[in-house]
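Which rings pair, and where do charged groups sit over them?

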Amino acid sequence: MGLYLLDYGAGNVQSLANTLTKLGHTFTWITDPADFANATSLIFPGVGAFETAIGHLASRGFLEPLRDYIKSGRPYFGICIGMQVLFQSSTESPSPGLGIIPSPIDRFDDADKSVPHMGWNAAELLGETDLSYYYFVHSYRAIYDPERYPEAAKWAYTTTQYGQEIFISSIRQGNVFGTQFHPEKSGAAGLSLIDSWLRRPESFSPTATTPITRTPHSKDKLTKRIIACMDVRANDEGDLVVTKGDQYDVREKSTTPKATTAGAVRNLGKPVALAARYFAEGADELCLLNITSFRHSPLRDQPMLAVVRAAAECVFVPLTIGGGIKDTVDPDGTERSALEVAGAYFRAGADKVSIGSEAVYAVERLRESGRPDGTSAIETIAHAYGRQAVVVSIDPRRVYVDPDTYDGPYKDEVITENGREKAWWYQCTVSGGREARPLSVVQLAQGVDTLGAGEILVNSIDRDGTGLGFDLDLVKLVKKHVRIPAVASSGAGSKGHFVQVFSETHVEAALAAGIFHRHEVDIADVKDALKSAGINARG
């Protein structure tokens, strides 16, 4: 008897397991339908598609025992999909939900905002002014509308605004508590919420309340995200280190004839120690990119998987892993799918995977055939885990043209400087920028959106390592042509550059590496600068 954790098999639940261990609580996994009878408290976490969740529950024989458990009056905590399955239905799925809450789950309107809703937003208690910020990542939501769905509105404990839509961000009634956000990825606030529920779950279980009318604010409270990125590779001694390149070259330059480090892999710290530091300093997300080690046999890369496991045990904000997320063949001939590779990283504690060159090849196939074929890493991973789990990292480079004579295929994408002294379009590359492909950045961005990516990481080969600021023209171009969130990367050299990219573009997040590793700019100083400029930032 005691606390049980339900893993329906299609999402990263290791993050919650790590959180429970961090908080000092023991738990047992649900592995058999009979386990539900032994549970005195139950947590159902998860990300992914509604249809996948219902299908996995049904195939494992969990669906009816779960329904019976909830009806028994014992404490239940549903996170993300664990909350959504309580509703009657979802437009994402032909399968019905549990029907405990008489309201549908529907997709966000993307006319005025990016979808998925991704990042830190405020959960507002009904009838109160106190705000707490939590991490959200979802494309579908339960609308808060007391007139259309009065019974469902009685379940609402907090609501959240995204764009001009107000949705139910947590529910609370009887023995049932649920959150659309991920408290296990919401830092100190999220850990406190989970711990409070575990210690007194009955206090989270009031009777239904009378819904109140909530009018949208002029602007939602979604914060701009600051992401710390760590490029991880083996140095010449075989140790995994965090490094940083200049125009993607990670080896030290010779500054004097007697320089002893010239040619060595630039070592800026150990990945797990740096991850812990950035979490403590207030980073909104972390990114670990495996840039060389075992890229052609990622499931044999036990050191990198160990890094992910160790980082996930001490980091309670979203963690993205990149490098080698593709179909591969082991040296012994064993075939490994991108989905299998991604699954290994999710089980190790990652929340998202980042795909690079494979996304370029997938879009080239898409453009050649005219339709998705369902086989790309983006498609297979998004289908199993939800598109919010898939980040596409793009590496474009400027190609300069004569603004007065250029009439090529990318003429509608040409950027012209004032005075028409320079003009260029952005060409996509693969293999860390070493090979150019006949694909523009707009074609790539629109293609990965079609294939099911949930976010685009916009690198700039021209700005990488320069400290001159983000490539605003590139960021604007990408954001103009897609409706999914984007992250600005490459070129940050000061806190003012973060203010500039958020002030002058609609990008949702900004990423930096070297300036954080070398303490040239602190994350706290970036957050203070954003707040001083009137830009919403967490912490």
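The briefing below covers aromatic pairs, a ring cluster and charges over rings.

This is a predicted model, in which local features need pLDDT of at least 70 and side-chain atom pairs count only at pLDDT 80 or more, while totals for chains, interfaces and linings use all residues. Residues are numbered from 1 along each chain as its sequence is written, and side-chain values use heavy atoms, with hydrogens and water left out.

**Aromatic pairs**
- Rings of Phe, Tyr and Trp (its six-membered ring) pair if their centres lie within 6.5 Å, with planes under 30 degrees apart counted as stacked, over 60 as edge-to-face and the rest as tilted; by this rule there are 19 aromatic pairs.
- Phenylalanine 136 and phenylalanine 181 form an edge-to-face pair, because their ring centres are 5.6 Å apart and their planes stand at 75°.
- Phenylalanine 136 and phenylalanine 181 are both buried (under 20% relative accessible area, 1.4 Å probe, protein chains only).
- Tyrosine 410 and tryptophan 425 have ring centres 4.0 Å apart and planes at 25°, so this pair is stacked.
- Tyrosine 410 and tryptophan 425 are also both buried.

**Ring cluster**
- Ring pairs join Phe108, Tyr134, Phe136, Tyr162, Phe167 and Phe181 into a cluster.

**Charges over rings**
- A charge sits over a ring if NZ of Lys or CZ of Arg is within 6 Å of the ring centre and within 35 degrees of the ring normal.
- Arginine 398 lies over the face of tryptophan 424, at 3.9 Å from the ring centre, and arginine 538 lies over the face of tryptophan 120, at 3.8 Å from the ring centre.

Note on methods: Buried means under 20% relative accessible area, exposed over 50%, partly exposed in between (1.4 Å probe, protein chains only).
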